[in-house]
Amino acid sequence: PAASAPGLAPTLVFSLAQAAPATLEVFDVAGRRVGSRDVGGLGAGEHAVSLRDVAALPPGLYLVRLAQSGRVATARALVLR
């Protein structure tokens, strides 16, 4: 997954290999989950989703995890204000 922050809510861009259930999760540097979203209903292909529930995150470094069918991809994300 890749992350960017146009406007106030972080937008995550990622690709799903299949239409199986999938979850995006955002963790702070202490390992606490600060947001998540089910994205498996989007189907296979490239997608961009806004994580409005984490829009109020303070500036800092975060870890984004995409999990689907036993496969996990991670990326770092930086929130700037």
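Reader: What makes the pair D28 and R32 a polar contact?

Author: Their side chains come to 2.8 Å. A polar contact is a pair of N or O atoms within 3.5 Å; within protein, one must be able to donate a hydrogen and the other to accept it, and residues adjacent in sequence count only if both atoms are side-chain atoms. The D28–R32 distance of 2.8 Å therefore falls within the cut-off. This is a predicted model: local features need pLDDT of at least 70, side-chain atom pairs count only at pLDDT 80 or more, and totals for chains, interfaces and linings use all residues. Side-chain values use heavy atoms, without hydrogens and water, and residues are numbered from 1 along each chain as its sequence is written.

Reader: Which backbone nitrogen lies 3.0 Å from a polar atom of the D28 side chain?

Author: That of A30.

Reader: Why is D28 called buried?

Author: Its relative accessibility is 14%. Buried means under 20% relative accessible area, exposed over 50%, partly exposed in between (1.4 Å probe, protein chains only). So D28 counts as buried. Of the 81 residues of the protein, 38% are buried too.

Reader: Which residues does D28 touch, leaving out those up to four places away in sequence?

Author: V34 and Y62. Contact means heavy atoms within 4.5 Å.

Reader: Where in the fold is D28 found?

Author: In strand β3, residues 22-28. Strands (E, at least two residues) and helices (H or I, at least four) are DSSP runs, numbered from the N terminus. The protein has 7 strands and 0 helices.
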